[in-house]
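Have the sequence and the 3D view side by side. We will walk from strands to helices, and then to a few single residues.

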Amino acid sequence: MGRGPSIEGRKNASDARRGQAFTKLARDIRVAARSGLPDPANNARLRAAVDKALVANMPKDSIERAIRRGAGLEGGAVEEIRYEGYGPGGVALLIDCLSDNPQRSVADVRHALSKHGGNLGTSGSVAFQFQRSGVVVIDSAGDAGIEEKVLEVALDAGADDVQNEAGQSTVLCAPEQFEALHKALQDAGLPIAHAAVEMLAANRVPVPAEALQPLRDLLDWLHDLDDVHEVFHNALLPDAQD
């Protein structure tokens with residue numbers, strides 16, 4: 001009878017996943033620090049990146065080192081790169097990378113797409129199908145009281161829409177309203193599960209049955225690449241909307 005993975009093996013795999021997550025978080029912090037002041041109190045994007053790292057239990061010295069590197073005080077520069085392409089079933093993809101080696105990044109992304117029946121597109125070939133939007137997701141657990149409070153606070157803070165589904169309230173707003181909206185919802189004591197400015201698909205498209213598993217495999221592959229920060233798509237998946 002075969003034996004399962006050893007405790008040491010499981011620990012090593014867990015440590016590897018944790019290290020990969022910290023690498024992605026550090027790159028996000030570096031780019032955010034480079035985009036404005038290297039002070040979370042005066043840089044909303046950096047503050048959001050640091051908060052995300054703290055939630056993931058990233059060590060504070062690693063966070064501070066990433067901020068210093070982003071400010072140019074040590075280490076090399078990290079670039080923000082967006083690749084556009086198509087996956088299985090003609091699904092449109094936006095792949096945002098944070099990289100200190102663009103040649104490596106594009107090679108990795110191109111390989112992932114070609115291996116799963118997709119292809120890399122030219123700049124502008126896909127982006128027009130998406131719209132930049134602020135997104136705040138709140139765990140409402142189907143509680144009508146929480147949903148009503150979310151709606152009240154969100155609309156007062158300039159939200160464009162509030163959607164209640166599957167025990168969550170999703171608040172959408174223009175990117176320039178995101179920071180004020182996020183703060184208003186935080187100050188109201190609402191349980192925020194996710195907050196970011198994202199690229200949302202204008203229209204979701206159904207995926208042919210034969211393309212579903214290849215698409216899921218591609219998305220998993222892309223998310224596992226060290227340089228990939230976010231992946232946005234316009235697929236309407238059977239058991240999820242994003």
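**From a sheet to its surroundings**

Gly-85 has Leu-93 in E2 as its bridge partner. This is a predicted model, in which local features need pLDDT of at least 70, side-chain atom pairs count only at pLDDT 80 or more, and totals for chains, interfaces and linings use all residues. Residues are numbered from 1 along each chain as its sequence is written, and side-chain values use heavy atoms, with hydrogens and water left out. Helices (H or I, at least four residues) and strands (E, at least two) are DSSP runs, numbered from the N terminus.

Start with strand E1, residues 79-86. Eight bridges join E1 to strand E2, residues 92-99. The two strands run antiparallel. They form a hairpin, with five residues between them. Look at Gly-89 in the turn: its phi is positive, at about 75°.

E1 also has bridges to E3. Two of them join these strands, which run antiparallel. Find Tyr-86, whose bridge partner in E3 is Asn-119. Now go back to E2. Five bridges join E2 to E9, and this pair is antiparallel too. Here Leu-93 stands opposite His-233 in E9.

Four strands form an open sheet, in the order E3-E1-E2-E9, with antiparallel pairing. Two strands count as paired if DSSP finds at least two bridges between them. Which strands stand at the edges? They are E3 (119-120) and E9 (228-233). Each has a single partner strand, so one side of each is left without a neighbour in the sheet. Strands of a sheet pair through backbone hydrogen bonds, either parallel or antiparallel.

Stay in strand E2 and pick out Ile-95. Is Ile-95 buried or exposed? Ile-95 is buried, because its relative accessible area is 0%. The cut-offs are these: buried means under 20% relative accessible area, exposed over 50%, and partly exposed in between (1.4 Å probe, protein chains only). Ile-95 touches several residues that lie beyond four places away in sequence, among them Ile-81, Tyr-83, Val-109, Leu-113, Leu-222 and Val-231. Take Val-231. Ile-95 and Val-231 are 136 residues apart in sequence, yet their C-alpha atoms are 4.6 Å apart in space.

Next come the helices. Two packed helices are described by the angle between their axes and the distance between the axes. Axes are lines fitted to C-alpha atoms, for helices over the stretch in contact, and angles run from 0 to 180 degrees between N-to-C directions.

Helix H7 (residues 209-224) packs with helix H4 (residues 102-115) at an angle of about 165°. Their axes are 9 Å apart. H4 and H7 are therefore roughly antiparallel to each other. In these terms, angles under 35 degrees count as roughly parallel, over 145 as roughly antiparallel, 65 to 115 as roughly perpendicular and the rest as oblique. H4 passes H7 in a right-handed crossing. The contact uses His-111, Ala-112, Leu-113 and Lys-115 of H4, together with Leu-218, Trp-221 and Leu-222 of H7. Contact means heavy atoms within 4.5 Å. Those residues divide into five nonpolar, one polar and one charged. A crossing is right-handed if the near helix is turned clockwise from the far one by less than a right angle, and left-handed if anticlockwise. H7 also lies across E2 and E9, running at about 155° to E9.

Val-150, Val-153 and Ala-154 of H5 meet Leu-181, Ala-184 and Leu-185 of H6. How do the residues of this contact divide? Six are nonpolar, with no polar and no charged. Ala, Val, Leu, Ile, Met, Phe, Trp, Tyr, Cys and Pro count as nonpolar, Asp, Glu, Lys and Arg as charged, and the others, Gly among them, as polar.

Lys-183 lies in helix H6. It is partly exposed, with a relative accessible area of 49%.

Finish in two loops. Most residues other than glycine have a negative phi, and most peptide bonds are trans. Asn-57 is not a glycine, but has a positive phi of about 65°. Asn-57 sits in the loop between helix H2 (44-55) and helix H3 (60-70). With a relative accessible area of 54%, Asn-57 is exposed. Ala-166 also has a positive phi, near 55°. Its loop runs between strand E5 (161-165) and strand E6 (168-173). Ala-166 counts as exposed, at 78% relative accessibility.
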